[in-house]
Amino acid sequence: MRVEIWSDIACPWCYIGKARFEKGLAAFAHREQVEVVHRSFELDPNRPRGEVAPVVDMLAQKYGRTREEALAMEEHVASNARAEGLGYRTEGRDHGNTFDIHRLLHLAKARGRQDALLDLAYRANFAEERSVFDSGVLARLGVEAGLDEAEVDAVLADPSAYADDVRADESEAAALGATGVPFFVLDRRYGLSGGQPAEVFTQALEQAWKDHAPEPAVAADAGVCDTDGTCEVPA
């Protein structure tokens, strides 16, 4: 059974959702027969490449909040991340265009190193003092994930490399009706939106395994980031 996950490195709920999904998958009896494929989704595709801003300042400007209020928003999300055992820095993080990251993730997918690079990129962006929007940092992450250094450099130097693959993923997400991430599609039968609790993922995997529903059923009401950059916090 295949599980496809649309996500963006800039999305905190994607970071949290991946951890929760993996816990849910670990509790699934047929986990060894599940193929997980990560797909591209940009939350801020119109932001110019190279234009980077501190996350807290970006949130304050976007939502018309004070810096203290924006920091409180980040702390709320951080508490969810830490509850899953994830590191999360509320200050000192950057926000920028993620297209190059997605291109490199497609190279990693072709080389069987996609999940490794995704984990490293999430950790660098949310837990460490390394900006994934710096091409040098991104190149080092690719090598750390097990990719060939020359191949990594060649992809990052060529804006067209894997660009069509990123766009294809995004077009498919739109066709499936995904307006935010993380978005999980199980066996092309069920869809779940947001960073659901681990037990919800386990239940969905069990349902998809035994059923053959013709139409996707979407579960919502969990943390999700949508295309206008909003990252909701569930009640």
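Reader: Which residues in α4 and α5 meet each other?

Author: The model is a predicted one. Contact here requires heavy atoms within 4.5 Å. On the α5 side, the residues are Q114, L117 and L118. Their counterparts in α4 are L104, L105, A108 and K109.

Reader: How many residues of each class make up the contact of α4 with α5?

Author: The contact includes one polar and one charged residue. The remaining class, nonpolar, contributes five.

Reader: At what angle do the axes of α4 and α5 cross?

Author: Two packed helices are described by the distance between their axes and the angle between them. Helix α4 covers residues 99-110 and helix α5 covers residues 114-126. Their axes come within 7 Å, and the crossing angle is roughly 145°.

Reader: In which sense do β1 and β2 pair, parallel or antiparallel?

Author: Strand β1 spans residues 2-7, and strand β2 spans residues 35-40.

Reader: Which element gives the largest share of the lining of the second largest pocket?

Author: This pocket has a volume of about 190 Å³. Among its 15 lining residues, the closest to the centre are G50, N97, D100, F133 and S135. Two elements give two or more residues to the lining, namely α6 and α4. The largest share, three residues, comes from α4.

Terms used:
Residues are numbered from 1 along each chain as its sequence is written. This is a predicted model: local features need pLDDT of at least 70, side-chain atom pairs count only at pLDDT 80 or more; totals for chains, interfaces and linings use all residues. Side-chain values use heavy atoms; hydrogens and water are left out. Axes are lines fitted to C-alpha atoms, for helices over the stretch in contact, and angles run from 0 to 180 degrees between N-to-C directions. Helices (H or I, at least four residues) and strands (E, at least two) are DSSP runs, numbered from the N terminus. Ala, Val, Leu, Ile, Met, Phe, Trp, Tyr, Cys and Pro count as nonpolar, Asp, Glu, Lys and Arg as charged, and the others, Gly among them, as polar. Two strands pair if DSSP finds at least two bridges between them. On a 1 Å grid over the protein atoms alone, a cavity is a set of points where a 1.4 Å probe fits but cannot get out, and a pocket is an open set with protein on both sides within 12 Å along at least five of seven lines; lining residues have an atom within 4 Å of a point. Grid points are joined across faces, edges and corners, and a volume is the space filled by probe spheres set on the points.
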